[in-house]
Every structure is written in structure tokens, then in C-alpha cells.
Amino acid sequence: MEVIKGIPVSPGMVIGQAFVLDDVAEHIPYRAVAPTDVGRQLERLDAAIAGAVGDLDADRDRVSEKLGPEPAKIFEFHLGLLRDRSLIDPVKRRIETEHVTAEYALSEAFRRLADQFRNMENEVFKQKANDVLDLDRRVLGKLIGRSSDRLAGLEEPVIVIAHEITPSQAAALDTRHVIAVATDAGGRTSHTSIVAAALGIPVVVGCQRVSTHVDDGDTIVVDGKSGVVVIRPDEETIAQYRLQIGRIDVMRGQLAELADLEATTLDGTRILLMGNIEFPHEIDAMRRYGGDGVGLYRTEFLFLTNPTEPTEAQQFEAFREAVERIDGHPLTIRTLDLGADKYTQSRVEEPERNPFLGCRSIRYCLQNLKLFKTHLRAILRASAFGPMKIMFPLITTPMELRQARMILADVQEELEEEGVAFDREVPVGMMVEVPSAALMAPVFAKEVAFFSIGTNDLIQYTLAVDRGNERVASLYTGANPAVLQLIKAVIRAGKRKRVATSICGEIAGEITYTMLLVGLGLRTLSMVPSQIPHVKRIIRSVDLGMCERLARKVGSFDSERKIMNCLREELSRVFPDMDGGWSA
């Protein structure tokens, strides 16, 4: 039995069988096999090489037919390597003598060869390193299969174990078969973690080495509340976790009774609890959990889960479905937030060195007007079917906001000329996600209908901590006094100009922060739908005076440790059965 501590992302506890998701573009972990399995590994290697050779022959013939014999010669290098016994024979010997998997032995051999080419002085030979790695991926794809193919073939419930998964992979997970996720890399508020949490299954990231310690079929326990992964637990440990799972099921039943009740404090202050969603069908879950509407619809996931750029018609259908499903309740659609770790970096010849500070979000849209206008047309057309709000992400300067609004006005004018129906009075707001926007909130308040504070990025940019980097995860906290000062500044600016202000970052769904956020003056919190019942339980158990006193007390502290201790103590006083973290 081995226990690995990671970063908790989504609460819940499950016991299941591991499904190790090897990404052929990443390092293949070392795995030993039994001596009796060596023959099968050699057969797998031969079959993979034969399959890759067949594909290369077909590609060469296809290119020769279309472009002529000269361009087709680029495949000869690949074919030559696969037929080179001096490369393949050592791979087989390693499998036979060291009893390792075929994919590990092959990957190591190709990586060493790629390094040799990189170290050559001749630039032509240096470029061959990329060809070697491309061939490595091609053969490994035959050995372990494409991730999407393996996931699509699942028939039994599994726990996905991986070095890292992308936001699009997370969004494509089928929760009928995937009951939990644990990864080596990642941070609590990385985009992948946000999507995985929205699936409503336990998720633990930042485990650093879990993928190298687990084999397919191993029994695994994932505790998404404490961030613990137990590998090959003994019978006593399994029995203990089953008892805890039983208690969690009882608590879920109690929380389900709150679904039809309003989130109102003991002294009658109404708090709106909204859901953050990626796809229209999640609206049903939001309503089932007792949410009041959608505070954040992340539209970029239409792009992340499609092999090609979605058309205007495809986007329109998704947005119209959302409007119709929500049936008149509040719906805030955020325009495309692409870039950073989402979509754009895999589509450029030279990826940005620091994409989180580069051409992302509204900047990307303003530099890709055709894409942006198509996107806005789809949103506006859907507005004819019911009420909605439009929100621009990652605004850093008034000029960016004005440019975005000008383009929106142009699209409205085009639709009007074409006689296409849309809501001419659709409210337009912005996310406050960077310190510059928070500090300039009084200026922005004159030009928008509402603010939504995006604390995931606000924390990242205020504290200079990469939200997806598990090595600095301990520095990433919403309890930092500087972050709270910026949140207060935005709330204050909104009140003065009567601009509605909400919060849609991950801390909105953390019960440790609930009383503080209400005490600071927020009356709308938007979160992962599954967190709504937990937050509602807190709100219905406190009064506004308690929350405001807590906010004033916290405002006198100068360190996140003091603030977190204070928040946890207050939560424990109200709910002695809680430890300050998430509930079930």
C-alpha cells in the first residue's frame, strides 16, 4: 500500500480500478513486467512497428501520387529507421534482459537517438531530431493506442490516472465510466481542474508521481476532499474508506433537501447562488442542486471539444439550447477565453514563451476579428430566445473594453441590417481578473452593467503564482490580504455606481470563504453546481451581522495564515462537525 498526497480539486471519495492514461507525447514511465510476459511484449513491439511501416508506406504513396516522388522521399528516413536492426534489436534485448514494457524500451531508444541528433553541429541533422520524435509518437500510438480511443472503449467504472490531462480531454470524460481523476501535474484552479471538478467526480492533481506508481487495474482510493490517493490499499484501509463513503452518502441526502429552499440568511438577506458551466446540459444539474441561474457560461469549451473551429450555426445552437434550458432564469455568457493553456498554443508555429501573459482571452479575440464577430453573432442571435447577459473576460484597460463593445455594436448593426432578431438591450459586463482592472474599477463602473470578479486569475496575477503549477500551489490562496483588498475595492466601486457585482472564482464555492464573501458585500456567488448545496447550508445558518463582523476582523490581519485560521475557527464555531474544508 502506498499513500500519495496531492492537491484536492473536487470533493468526494471512491474506490475503483485504475486506468492509466499514457500520453504518447510525454515521457513513458518505467514499468517492469513478469518474465512470462516478455514474449507478449516482443509481439506487441513487432506488431506496432509493422503497423507504423504500413501507415508510412501508405502516406508515402499518397504524397507521391498528389505531389510527385520528390516530396514523398521525406518518408524514407522514417522507414529506414524502423527497418534498422541496429536500432530495433537493442530495444528487443532490453525487453528480454530488463523485463520492461515494449513502450518504455522503444521510447527510451528513440529519445536517446533524438538527443544524439540535437547535439550534432550540422543544422540539417539537428532537424532530424523532430523526425525521430514524430516517429516515436507514431509507433507508441500503435503500442498503447490513442487516449481518445482507449477512453471511448471503456465499459466498466475506472479511475483515470495520468501525468496530465488537457482541458479538452477533461471535458470529454464520460462520467458513466470515469468515477475519479488523479494526475501528477496541475494546480487547483488550472483550467483542466475547473473542468474536471464540474463533472462532479473526485479529482486530485499535483500528485507528482502517481502515474509512475500505478498500473492498469490496480485498486485505488481517491479522496477528493483531502487530496489523498491510496494505491493498492489493504483490506482494513478499504473497509475504513467504505465507512466514510457511507457517511458522505447520508450527508448528500440531507443536502438534497435544501434544493428547493432559497439561500437566505437568518435575518432575511437573499443571496443568489449561481452555477459555472461549460456546456448547456449542465444547466439541468445546476437546477437540480438548487441554483438560481448561471453566473458563468465558459463558451470556449465549444472550441476545446471540437476538432475544427465551431461554425456560427454550431455556436448558435449551443447558446440557444442554454437559453431554452434555463427557462427565464439568469444566464451570463462569457465571450471566448482562449489562450494560455487552452486551444491557441497548439495551433501556432511558435508557441508563446509565457502564454498566461501573452495573447489570450479578449486580446486573442481582438486580434482575430473574424472569429470574434462570428462568436458574437451566435450569442446575439440566441438572445432573441430569452434573457441573457454578455460578459467580456480578462479586461485590463478601458481601451480593451471599448474596443470589445465597439465590435459588439458593429455586429448588432450587421444583424439589424440583415433583419435577424436579437435583444437590443442585452446587458454587457466584464470580468475583473487582473489587478489593473480592480484598481480601475471606478472607471470601468461607468461603462458596464455589471462586474464579475474572477478570483482564479486575480489571485494568480496579484501573487505572481502560476495557478497550474503544483510546485508553488502552497503560495496560491484567496486569503492573501492583497487579494482581499482588491476584491473589496471592486465591491466598493460597484456599490457607488450601482453596478451589480458577483464573484465566480473557485473561492465562491469554498465554504471556508462563504461568510467572508457575504460580509464583504457580495450578494451573488457563482460556483461549480455540485458546491451549491454546501454553500446554501452555510448561508441559511448565519446572519448578516455575523458575516460583517467576520469581514471586519479579517480586514485587520496582515497574513493569509491568520486569515485562514480565523475563517476556519468561525466555520467550526457555526458547524462543529466541519473541518473548514469542503463537505462531502
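This is a predicted model: local features need pLDDT of at least 70, side-chain atom pairs count only at pLDDT 80 or more; totals for chains, interfaces and linings use all residues.

Q: Where do Glu447 and Arg402 lie?
A: Glu447 sits in the loop between α19 (441-444) and β14 (450-453). Arg402 belongs to helix α17 (residues 398-418). The pair therefore ties together parts that are 45 residues apart in sequence.

Q: Does the pair count as buried, partly exposed or exposed, and what relative accessibility does Glu447 have?
A: Buried means under 20% relative accessible area, and exposed means over 50%. Glu447 has 23% relative accessibility, so it counts as partly exposed. Arg402, at 40%, is also partly exposed.

Q: Which residue forms a salt bridge with Arg360?
A: Asp337 does, and the closest N and O atoms are 3.4 Å apart. Arg360 and Asp337 both lie in the loop between β11 (331-334) and α15 (362-367), so the bridge ties together parts 23 residues apart in sequence. Apply the burial cut-off here too. Arg360 has 0% relative accessibility and therefore counts as buried. Asp337, at 1%, is buried as well.

Q: How do Lys562 and Asp558 meet?
A: Their side chains meet in a salt bridge, 3.6 Å from N to O. Lys562 is partly exposed at 45% relative accessibility. Asp558 reaches 60%, so it counts as exposed.

Q: Which residues are linked in a network of salt bridges?
A: Asp57, Arg60, Asp61, Glu76 and Arg83 are linked in this way. The count of salt bridges comes to 33.

Q: Now helix packing. At what angle do α14 and α16 pack?
A: Read the angle and the axis distance together. Helix α14 (residues 312-326) and helix α16 (residues 369-382) pack at about 35°, and their axes are 8 Å apart. Their crossing is right-handed. On the α14 side, the contact is made by Glu312, Gln315, Phe316, Phe319, Arg320 and Val323. On the α16 side, Thr374, His375, Arg377, Ala378, Ile379, Arg381 and Ala382 take part. By type, the contact residues divide into 6 nonpolar, 3 polar and 4 charged.

Q: How many helices and strands does the protein chain have?
A: The secondary structure comes to 25 helices and 16 strands. Of the 584 residues, 56% count as buried. The chain exposes about 25,600 Å², and carbon and sulfur atoms supply 50% of that area. Finally, look at sequence separation. Among contacts with a separation of 6 or more, 69% join residues 24 or more positions apart.

How values were computed
Residues are numbered from 1 along each chain as its sequence is written. Side-chain values use heavy atoms; hydrogens and water are left out. Axes are lines fitted to C-alpha atoms, for helices over the stretch in contact, and angles run from 0 to 180 degrees between N-to-C directions. Helices (H or I, at least four residues) and strands (E, at least two) are DSSP runs, numbered from the N terminus. A crossing is left-handed if the near helix is turned anticlockwise from the far one by less than a right angle, and right-handed if clockwise. Contact means heavy atoms within 4.5 Å. Ala, Val, Leu, Ile, Met, Phe, Trp, Tyr, Cys and Pro count as nonpolar, Asp, Glu, Lys and Arg as charged, and the others, Gly among them, as polar. Buried means under 20% relative accessible area, exposed over 50%, partly exposed in between (1.4 Å probe, protein chains only). Accessible areas come from the Shrake-Rupley method with a 1.4 Å probe; for residues, only the protein chains shown count as cover. A salt bridge is a side-chain nitrogen of Lys or Arg within 4 Å of a carboxyl oxygen of Asp or Glu.
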